[in-house]
Amino acid sequence: MVLGFLVLGLQAVSSGCGAEDAKEQENTGFKYTLFQGIAEDWGKSLYNWFVPLVSFAQDSGHETYWILQEQIDSLLPFYGYYTADMDRDPEETDSFREILLAEAEEGSFREEEEPRYINMDDAEGQSLEELLRTENEAALQMMQSAEKSHFTPHAQQAQINLEQLGSYENLVQEFYTIDANTMAGSDQLNVERLLARDMTVSKEGEGPQILIYHTHSQEAFADSVPGDQGTSIVGVGEYLAEVLRNEYGYNVLHHTAQYDLVRDDAYAVALPEIEKLLAENPSIQVVIDLHRDSMAEETRLVTEIDGRPTARFMFFNGLSRTRKTGNIAYLYNENQDANLAFSFQMQLKAAEYYPGLTRKIYLKGYRYNMHLRPQSLLIELGAQNNTVEEAMNACDPLAHILDMVLSGQ
């Protein structure tokens, strides 16, 4: 009896459509049209396949009948959706797109406790850029939440032999890349001198202790959303500021002004504005100019820390000196030795606690506005082919390394 009703029901859908008037046919929409073409063939097949189960289903009662129902549903993917929606007003018949989405939810996402997918109804009228922005923001929120719960600052992983680094050649080989247009001697790159500098900062008092800004604010990552600063190096800087505030108790000022609308002029344009900012906030002791590097597409600056893909980064120093001109008087940096000590102490902690996370310190010929404070850092975090997630993940160990140096650990 049960199977007979099922078969007859499918046939009725097919034949009934011919008897209905034009108005009713229009209202039935996609779901009735879908079955019109297949009901006759499938009715016969269903009867032949499931007749052996009819007696069993009838004798076993209502609960066992659903075994048969599930088998039918599995053979006709749209059928389960159709029968579950029979009480719905034909005026509200779903479109083909909506049925596909319902099938996706009932099928591929069935085993997930909290399925996550784009709601196409909410997406109507939105541009592709807006859809990407919305999706990326949701992913970032989930990723950032996961970071805070999963990242644990490392204990020391390696012991660096400082005696071996007493040799200038060994020190340069292990810790530095010196650009071909400049030079640095053992008078500056000396382990004892680099470690002798006190880099500690007090967290007491009013006003910010740390400034983060971006000479090149337009730098983005592989999956950054055009026009969305939160997915560029500026967004990474904001996350770094949050970690330093929330996890380590620093008062951080994140300055997000744009200076690189004409990239070649960026350092010159930024200088008076950063000087003004420091004058207004004399409590600032640490200045971080956060950048994103550019690499060949086949070169990926990524490692793994505690199972999380993490962008590698590099500390950068300008020496105000080129091989061709010698010392550049108009780019004099009275804080150069302190800058070098700061980056070296950061690099040393990184090597001890997060081996492989940092690249060698890069030394180049100009100044890059690093003269503004003794504790100035220029950081190249990841490259254009890193993802936003990888760049954000790097902020956690970076903040830990910075805290260790600034607290004198």
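Where does N369 lie? N369 is found in the loop between β10 and β11, where strands are DSSP runs of E with at least two residues and helices are DSSP runs of H or I with at least four, both numbered from the N terminus. The model is predicted, so local features need pLDDT of at least 70 and side-chain atom pairs count only at pLDDT 80 or more, while totals for chains, interfaces and linings use all residues. Residues are numbered from 1 along each chain as its sequence is written, and side-chain values use heavy atoms, with hydrogens and water left out.

We can begin with the backbone. Most residues other than glycine have a negative phi. N369, however, has a positive phi, near 60°. At 7% relative accessibility, N369 counts as buried (buried means under 20% relative accessible area, exposed over 50% and partly exposed in between, with a 1.4 Å probe and protein chains only). D306 is not a glycine either, and its phi is positive at about 55°. D306 sits in the loop between β5 (302–305) and β6 (308–311); with a relative accessibility of 47%, D306 is partly exposed.

Next come the rings. A pair of aromatic rings is described by the distance of the centres and the angle of the planes. Five aromatic pairs are present in the structure; here, rings of Phe, Tyr and Trp (its six-membered ring) pair if their centres lie within 6.5 Å, and planes under 30 degrees apart count as stacked, over 60 as edge-to-face and the rest as tilted. Y368 is buried, at a relative accessible area of 16%.

F316 and Y362 make a stacked pair, because their planes are at 20° and their ring centres 5.9 Å apart. This pair, too, links distant parts of the chain, with F316 in strand β7 (residues 313–318) and Y362 in strand β10, 46 residues apart. F316 is buried at 9% relative accessible area, whereas Y362, at 21%, is partly exposed. Y267, F316, Y362 and Y368 form one aromatic cluster.

A ring also takes part in a contact with a charge. K203 lies over the face of Y250, at 4.4 Å from the ring centre (a charge sits over a ring if NZ of Lys or CZ of Arg is within 6 Å of the ring centre and within 35 degrees of the ring normal).
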